[in-house]
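Open the model in a viewer and keep the selection tool at hand. The tour below goes from pockets to cores.

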Amino acid sequence: MSASKNKKMRMEAKNAPDAAANAPLTGQQKEKRKYRITVAVISIVLVIFILAVILLSSSVAYNRFNSVKIGNEKFTTCEYSFYYGAVYQQYYSMLANYYGSSMDASMMPGSDVLQPEALSLMQRTVAVHHAAEEAGYEMDEDAQKQIETYMSSAQSAAAQYTNGDIDEFLVKNYCRGMSEKIYRECVEYYVYATSYGMSVYNGYSYTADELSAYYADNADEFDIFSYDWFLFKNEDYDDKAVEEANAFLEQLKAGEDFKKVAYEFATDEKKESYDSGSSTTTTLSGSSLSDTLKGWLTDASRDTGDCDVIETDNGAYVVQFLSRDNNDYHLVNFRHILISPETINESDYETDEVYQQAKEEADATAKEEADMYYMLWKENPTEENFGEMATQYSDDSPEGGLYENVYKGQMVAEVNDWIFDASRKDGDTAIVKTEYGYHIMYFAGKSDTRYCDTMAESEKREEDYSNWQAECIGDSFETSTNSIFKLTAQ
């Protein structure tokens with residue numbers, strides 16, 4: 001056999017399939033291979049998990065990795081948290097103003113509500129920011145001051161809550177990784193956009209005819225409606241709500257007083273509320289009316305005294321129309337000096353009798369003080385002197401005690417009734433008592449502006465600005481989030 005033939009045979013033998021290698025795996029071999037694969041997969045998952053934990057426990061995932069994309073711009077979770085914080089604060093302030101001291105953190109909406117609104121705010125801000133850049137907008141001095149106000153407020157809060165460490169304060173109030181540098185960048189971006197937006201908003205102007213036409217087109221939303229109502233619920237009237245409501249209606253048509261009939265038909269529990277002063281009368285703008293009653297109340301043919309039964313899924317309303325006000329009156333201006341009684345805490349007194357006596361004495365002292373200042377003003381009875389005295393002596397007033405362009409219902413009832421009295425003349429004065437104390441009043445005259453025009457202008461301006469914002473957003477600022485956002489924006 002030749003050497004070349006031997007070499008060829010050795011090569012074929014070397015490359016020949018290994019029968020043992022290709023033989024079917026035994027059960028034990030299969031288990032070993034499965035085990036090795038499982039271990040490998042678990043190891044990879046564990047490594048990824050450890051890396052994720054490390055990233056999330058550091059600042060990197062929050063201030064380095066992008067989690068939100070709006071148009072062509074990308075934002076980190078720290079930047080997103082700035083807008084989330086803004087939305088959170090808006091809700092908190094709104095609820096605090098409404099509920100006062102009874103406000104509780106549990107009343108706040110969850111992230112399912114706040115997240116979409118924060119992203120929407122970001123989208124609007126980015127779109128307007130781009131519009132400002134395209135317009136070559138430059139921030140004025142007021143906008144620059146606004147930026148510094150943001151920063152000084154954060155510094156003050158840090159001094160109060162985190163021993164002056166502003167980064168620690170920002171992390172606690174926004175998210176991990178937030179810093180003074182990032183916060184300032186967010187503020188500058190936001191203020192640049194909002195200040196330009198306000199310049200657009202304030203740039204709209206309207207003629208008197210345009211405002212009148214806009215009000216007329218939206219009168220059902222703007223007008224003020226007063227009406228009496230009584231609700232019959234089936235659960236309270238043995239499923240005979242409609243029958244009872246019609247019996248109520250028959251008495252009204254016979255000329256009976258609404259409140260008297262309401263008391264007659266009220267359940268025992270409701271009778272107690274009527275005894276304590278509850279009223280059947282409601283006054284609301286058209287935009288605040290319930291859908292159930294709105295159609296009937298806003299009907300153009302509606303007249304004073306009209307009454308009807310309006311059925312619902314679980315009962316029926318009896319409604320009586322009282323009036324419709326088109327807000328065609330002039331706003332007013334006035335000054336006041338408020339003298340409030342000393343605060344008397346009931347817990348400081350052993351008996352209610354002593355407590356009430358202390359309150360009466362504090363009230364009497366406040367009245368004497370108000371009378372004294374009133375007499376002092378009469379020695380120089382000018383509006384200028386009144387303003388100076390208000391600045392010096394009033395317990396709760398703007399500079400000079402001046403309130404301008406006041407509309408009906410804006411002030412506490414007693415003050416409202418005095419300033420909108422039909423006989424009121426420029427320069428009229430009086431002392432008016434309210435729950436806040438004694439108001440030395442000075443009527444500074446009617447404004448040139450009608451309230452109906454103010455309402456129309458405000459609403460039209462909002463509408464035009466909203467439309468402009470939508471045009472800015474268009475199709476160019478689609479919003480999306482990624483897996484980093486899901487991990488960090490919670």
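For the classes used on this tour, Ala, Val, Leu, Ile, Met, Phe, Trp, Tyr, Cys and Pro count as nonpolar, Asp, Glu, Lys and Arg as charged, and the others, Gly among them, as polar. The model is predicted.

Start with the largest pocket. Select Gly85, Ala86, Gln89, Asn173 and Tyr174, the closest to its centre of the 27 residues that line it. The volume here is about 690 Å³. By class, this lining has 16 nonpolar, 11 polar and no charged residues. Now colour H4, which gives the most to the lining, with 11 residues.

Next, go to the second largest pocket, with a volume of about 450 Å³. Select Leu121, Tyr190, Thr194, Tyr465 and Gln469, which lie nearest its centre among 22 lining residues. Which element gives the most to this lining? It is H8, with 7 residues. The lining has 10 nonpolar, 7 polar and 5 charged residues.

Then turn to the largest nonpolar core, which has 55 residues. Select Val68, Tyr80, Phe82, Met122, Tyr183, Tyr196 and Trp468, the members that touch the most others. Elements giving two or more residues to this core include strand E1 (66-70), helix H4 (77-99) and helix H18 (451-473). The largest share, 12 residues, comes from H8.

Zoom in on Met122. Leaving out residues up to four places away in sequence, Met122 touches Val68, Ile70, Phe75, Tyr80 and Tyr83.

Last, select Tyr206, Tyr329, Cys452 and Ala456, which are among the 24 residues of another core, apart from the largest one.

Note on methods. Residues are numbered from 1 along each chain as its sequence is written. This is a predicted model: local features need pLDDT of at least 70, side-chain atom pairs count only at pLDDT 80 or more; totals for chains, interfaces and linings use all residues. Side-chain values use heavy atoms; hydrogens and water are left out. A nonpolar core is a set of buried Ala, Val, Leu, Ile, Met, Phe, Trp, Tyr and Cys residues joined through side-chain atoms within 4.5 Å. Buried means under 20% relative accessible area, exposed over 50%, partly exposed in between (1.4 Å probe, protein chains only). Helices (H or I, at least four residues) and strands (E, at least two) are DSSP runs, numbered from the N terminus. Contact means heavy atoms within 4.5 Å. On a 1 Å grid over the protein atoms alone, a cavity is a set of points where a 1.4 Å probe fits but cannot get out, and a pocket is an open set with protein on both sides within 12 Å along at least five of seven lines; lining residues have an atom within 4 Å of a point. Grid points are joined across faces, edges and corners, and a volume is the space filled by probe spheres set on the points.
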